[in-house]
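The structure is displayed first, and the discussion follows.

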Amino acid sequence: MTRFTTAFGKPHPALVAFITAGDPTPADTGAILDALVAGGADVIELGMPFTDPMADGPAIQAANLRSMAAGTRTADIFAIAAAFRSRHTDVPLVLMGYANPMTIRGGDWFAAECKKAGIDGVICVDIPAEEDPELGPALRAAGVDLIRLATPTTDAARLPAVLEGAGGFLYYVSVAGITGLQQAAQASIDEAVARLKATTDLPVAVGFGVRTPEQAAEIAKVADGVVVGSALVEIIAKHGADAPAHVEAFTRSLADAIHGAKEIAA
């Protein structure tokens, strides 16, 4: 059993909540993470700020800039993660980001730091499955799941490569674009989730463009999890150090919608 199997083994779909580490400052991030847990998030993704976040839309791009302006470094991110793990022993924590910060000191170093900080999984946006040796073996040897991304353009021929060596859950990017700006039609999500679930035993979580409890609930009727990021990041942008109470309230509205979705569908 892992924290992922526990989180996705509940009798309801999981809320996967994303924020950027160090936004608005490293000192503020812990309270925001606690607010996500208090609001009912089942899994948390902690974004690693980067100078060129190519998959992210304006909201998360701005969060990256705020975090870097506040002086956030990789050491701060691991310290935030370790402190979170000491407070929340059961909630899965995922680092999400780009290859450069993860590989610049070598995959073995990064994997060891993840293990030491109590991180459960890693999503690296710009290392494709075909380049798995860059990071995958080191993470798996450290007991850290490498969470892979599938997209609307991941066809049947490539999907086996995406799934090879993957763990934790499969993240379905529901739009062929950047975060936050558009949402896929529900019918296309239904079809994609059914196709993916027929090929893997990993839980399937759907993200990109999910902004409201109503949208999240519709996706949760078919998926094992729903990922929400930009909408949470925008709350942090608006409220800064005062964000935790607002984050908790919005997270609770998402969690209530997602956790009750399959009961409504039934």
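How many nonpolar, polar and charged residues does the lining of the second largest pocket have?

## Second largest pocket

The model discussed here is predicted. By class, the lining of the second largest pocket comprises 8 nonpolar, 4 polar and 2 charged residues. The lining is made up of 14 residues, and those nearest the centre of the pocket are P49, T72, R73, T74 and P101. The volume of this pocket is about 280 Å³.

Helices α4 (74–87) and α5 (99–103) each supply at least two residues of this lining. The largest share, 3 residues, comes from α4.

## Largest pocket

The largest pocket holds about 440 Å³ of space. Its lining consists of 31 residues, with C124, V125, I127, R148 and L149 lying nearest the centre. Sorted by class, the lining of the largest pocket contains 18 nonpolar, 8 polar and 5 charged residues.

Strand β1 (14–20), helix α3 (58–69) and strand β3 (93–97) are elements that each contribute at least two residues to the lining of the largest pocket.

In general, a pair of packed helices is described by the angle between the two axes and the distance between them. Helix α2 (residues 26–39) packs with helix α12 (residues 243–259) at an angle of about 30°, and their axes are 7 Å apart. Because this angle falls under 35 degrees, α2 is roughly parallel to α12. The crossing of the two helices is right-handed. On the α2 side the contact is made by A31, I32, A35, L36, A38 and G39, and on the α12 side by A243, P244, V247, E248, T251, R252 and A255. The contact of α2 with α12 has 9 nonpolar, 2 polar and 2 charged residues.

Helix α12 also packs with helix α11 (residues 230–239), here at an angle of about 155° and with the axes 9 Å apart. Since the angle is over 145 degrees, α11 is roughly antiparallel to α12. The crossing of α11 and α12 is right-handed. From α11, residues A231, L232, I235, I236 and H239 meet A243, H246, V247, F250 and T251 of α12. By class, this contact of α11 with α12 has 7 nonpolar, 3 polar and no charged residues.

## Packing of α3 with α11

The axes of α3 and α11 come within 9 Å and cross at roughly 45°. That angle makes α3 oblique to α11. The crossing of α3 and α11 is left-handed. Residues A59, I60, A63 and R66 of α3 make the contact with S230, V233, E234 and A237 of α11. The contact of α3 with α11 divides into 5 nonpolar, 1 polar and 2 charged residues.

## Backbone features in loops

Two loop residues carry backbone features to be noted. Where does P24 lie? P24 is placed in the loop between β1 and α2, and the peptide bond leading from D23 to P24 is cis, with omega near 5°.

F208 lies in the loop between β8 (204–207) and α10 (213–220). Phi of F208 is near 80°, a positive value in a residue other than glycine.

Note on methods
Residues are numbered from 1 along each chain as its sequence is written. This is a predicted model: local features need pLDDT of at least 70, side-chain atom pairs count only at pLDDT 80 or more; totals for chains, interfaces and linings use all residues. Side-chain values use heavy atoms; hydrogens and water are left out. Axes are lines fitted to C-alpha atoms, for helices over the stretch in contact, and angles run from 0 to 180 degrees between N-to-C directions. Helices (H or I, at least four residues) and strands (E, at least two) are DSSP runs, numbered from the N terminus. Angles under 35 degrees count as roughly parallel, over 145 as roughly antiparallel, 65 to 115 as roughly perpendicular and the rest as oblique. A crossing is left-handed if the near helix is turned anticlockwise from the far one by less than a right angle, and right-handed if clockwise. Contact means heavy atoms within 4.5 Å. Ala, Val, Leu, Ile, Met, Phe, Trp, Tyr, Cys and Pro count as nonpolar, Asp, Glu, Lys and Arg as charged, and the others, Gly among them, as polar. On a 1 Å grid over the protein atoms alone, a cavity is a set of points where a 1.4 Å probe fits but cannot get out, and a pocket is an open set with protein on both sides within 12 Å along at least five of seven lines; lining residues have an atom within 4 Å of a point. Grid points are joined across faces, edges and corners, and a volume is the space filled by probe spheres set on the points.
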